[in-house]
Amino acid sequence: MEIINTSIQGIPVLAVTGRIDAVTAKELDSAICGIIKEKAATMVLDLKGVDYISSSGLRVLMAAQKSLRPLRCEICLTCLQPMVREVMEATGIAGLFTIHPDRKEAITALLHT
Amino acid sequence: MMTRMARKPSNLIYGIEDQPSLATTLILGLQHIFILSIAFIFPVVIVGEIGGTPNDAQNLICMAMLATGFATMIQSVNRGPIGSGYLCPLVNGPAFVPASLLAGKAGGLALIFGMTAFAGLFEVLFSRLVPRMRKFFPPEVTGTVVLMVGVEVIPIAIPKFFGVDQAHPAIHPLSLLVAVITLMAMAAFNVWGRGKLRLYSLLIGMAIGYAVSFGCGLLSMENIEVITSSPPFRVPQVGRFGISFDLALAMPFLVAALSSALKTMGDLTTCQKINDADWKRIDMISISKGLLACGAGNIASGLLGALGQSVSSSNIGLAIATGATSRRIGYAAGGLLMLLAFFPQLAAIFVIMPTPVMGASLIFAVCFMILAGIQIITSRMIDARKTFVIGFSMIFGLSFDFIPGLYAGLPPTWSSLFSSSLAVATICAVSLNLLFRLGVSKRAKLQLQPGVDSSQAIFEFMEKQGGAWGARKEVIYNAIAALNEMLEAAEIIGIKDKVEVDVQFDEFNLDARASYRGEPFEIPRMPPASMAEDRTAPLHLAAYMIGRYADRVAFSSKDGMTELLLHFDH
């Protein structure tokens, strides 16, 4: 798995490529926590390159979202592959996130809130 | 076994079970006859080669209409022991031409008819064996055959499209103009036409082709006279030439029947696929009943006095193109064809079809067949073995057309076997499939260490096995995901030892058995309501996902060992 950390108009964007399983979920957790520690802010998680996410990966996303909520921030998801979207919907986890079809739309929406 | 109702694909206007109005059914049936009539050229060629008269040729066409009309109707029947139940018209196509020429030269038309009936009997016998032959025809083999069925028509269609033949090797500009206008009209009505315009796109294109041909002189008054000089009504002369047999010709006719049967299997596979949005594999019973109908059709051909017939791939292409596969259209096409045998004047309209219109119609229909073949091939995972089955078969099949005469120097028995690009590709695909099956075990084992191994080990193992087995991608993905959740659950419940995974595959089932030292856990029906406060939530989530990915989950325990069975329907 590869994680690229960038910032677009001040909004942190994490672009993930590969599979998120029990092993790689820890790396994702570290990357998200790193951003939260630096500056608690709403961030965009671009999952365009993710074709598989296991329950460990889903737990990392939920835990991060939970830690951001009291700070009035959140993780916005974008570019979900069909398999990933399906599993998030089946487990009810999709309802915890704002999901945008692409990165540009996610950034635009965040800039206008 | 329960029979599953096929789900109509969204691109079909009239699916197999639909009942278009009578008028629509008749017009669509007529459209199929226009494509079938292109093959009327073969009786003319054979009669010419064996020194018969034009009257003999006309009689042969008449009998072809009766015999193929009958076979097209019984092929559409979906009840009882005969008929695949699909719109799958039959035609006096090229499969029997080489054998018929040999018989015609040795013993005239009577011998052709006798040996055609003999070939029909062989097809009837072959149809009884087919249900037990599934392993010979996995998707990479049937897909290659379907693709080559389309490719085989190219050498027939292209010369007609460009207006070239042996006597006139240079492109005929006027013919090409008519062909381009006809093909563009067909494609335009098919792509941008809605409802009836798409349904009748071939018929409209052909009508435009006839009109342009008449306008530019390709269709002359002499051609029109062929229509006006034909009698309006005439009872066909059944069995006029008699019937005879010669065992010496059995081999070429058996080869023709086998090649025709394999092509039929490819065509019927396409019919199954285009009529079922959830198609997964060949239904061998329907193939067997379809082959029986073909055998009966060839026996009828022999007895009536017509050439050997096989399924018309171009008509299946037409059915896909127009989105109309209702079996009612099969009944209409067959019935109309039989009626036309009594009305030579009407039949003459098809006989005078301009060559470039034929070429355009064949190209229009065939491109859908080629794509259907590609879709069947790519419906399964492909490894190196399957790559060679597909690649070698296509390369050697195409070599027949790329290098004319390449197989002509083989001994007579072999050269009659390698009689077309389709025959070469089919023989290669079936043989190579059997060869490359050697060493492929239907069972494979994997060891996983909870907390150490990642999903990578499972992905690598299952993708390799999925390719070797030719499994469906989505089933393999579900198995990977379920096994990975099992591995994560094992870590959560504290399994320290290795988990042994034993995976077994057949065409209908994929079973993964994971054995570990420890206790079973619950597979919940619902996901955890809240992840935050519940310490059991991680196991709950992993176990829930196992249940979602697998079609059936069962635990069994003995002496401290637990076996988790994950079953996936394939």
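Colleague: In which order do the strands of the five-stranded open sheet of chain B stand?

Modeller: The structure is a predicted model. In chain B, five strands form an open sheet, and their pairing is antiparallel. Read across the sheet, the order is 3-4-5-7-6.

Colleague: Which strands of that sheet have one side left without a neighbour, and why?

Modeller: Two strands of the sheet in chain B stand at its edges, and each has a single partner strand. One side of each therefore lacks a neighbour in the sheet. The two are strand 3 (443–448) and strand 6 (552–558) of chain B.

Colleague: Which residue is the bridge partner of Ser556(B) in strand 7 of chain B?

Modeller: Strand 6 of chain B pairs with strand 7 (residues 561–569) of chain B in the antiparallel sense, over seven bridges. In strand 7 of chain B, the partner of Ser556(B) is Glu563(B).

Colleague: Across which strands does helix 20 of chain B lie?

Modeller: Helix 20 of chain B covers residues 473–492 and runs at about 10° to strand 5 of chain B. The strands of chain B across which helix 20 lies are strand 3, strand 4 (499–505), strand 5 (509–517) and strand 7.

Colleague: Why is helix 1 of chain B described as oblique to helix 8 of chain B?

Modeller: The axes of helix 1 (residues 22–36) and helix 8 (residues 201–215) of chain B come within 9 Å and cross at roughly 55°. This angle makes helix 1 of chain B oblique to helix 8 of chain B. The crossing of these two helices is left-handed.

Colleague: Into which classes do the residues of this helix contact divide?

Modeller: Helix 1 of chain B contributes Ile27(B), Gln31(B) and Phe34(B), which meet Leu202(B), Leu203(B) and Met206(B) in helix 8 of chain B. The residues of this contact divide into five nonpolar, one polar and no charged.

Colleague: What share of the residues in chain B is buried?

Modeller: Chain B has 21 helices and seven strands, and its C-alpha trace spans about 90 × 55 × 45 Å along the principal axes. Of its 570 residues, the buried share is 53%.

Colleague: Opposite which residue in strand 4 of chain A does Asp46(A) stand?

Modeller: Strand 3 (residues 43–53) and strand 4 (residues 75–78) of chain A run parallel and are joined by four bridges. In strand 4 of chain A, the residue opposite Asp46(A) is Thr78(A).

Colleague: Which helix of chain A gives the most to the side that touches chain B?

Modeller: In the contact between the chains, 15 residues of chain A meet 15 residues of chain B. Helix 1 (22–38) and helix 2 (55–68) of chain A each supply at least two residues of the side of chain A that touches chain B. With six residues, the helix that gives the most is helix 2 of chain A.

Technical notes. Residues numbered from 1 in each chain as written. Chains lettered and ligands numbered in written order. Predicted model: local features only at pLDDT ≥ 70, side-chain atom pairs only at ≥ 80, totals over all residues. Buried ≥ 20, exposed ≤ 12 C-beta atoms within 10 Å, placed from the backbone. Contact = placed C-beta atoms within 7 Å. Pairing = 2+ DSSP bridges. Axes fitted to C-alpha atoms, helices over the stretch in contact; angles between N-to-C directions. Parallel < 35°, antiparallel > 145°, perpendicular 65-115°, else oblique. Left-handed = near helix turned anticlockwise from the far one by under 90°. Nonpolar A, V, L, I, M, F, W, Y, C, P; charged D, E, K, R; others polar.
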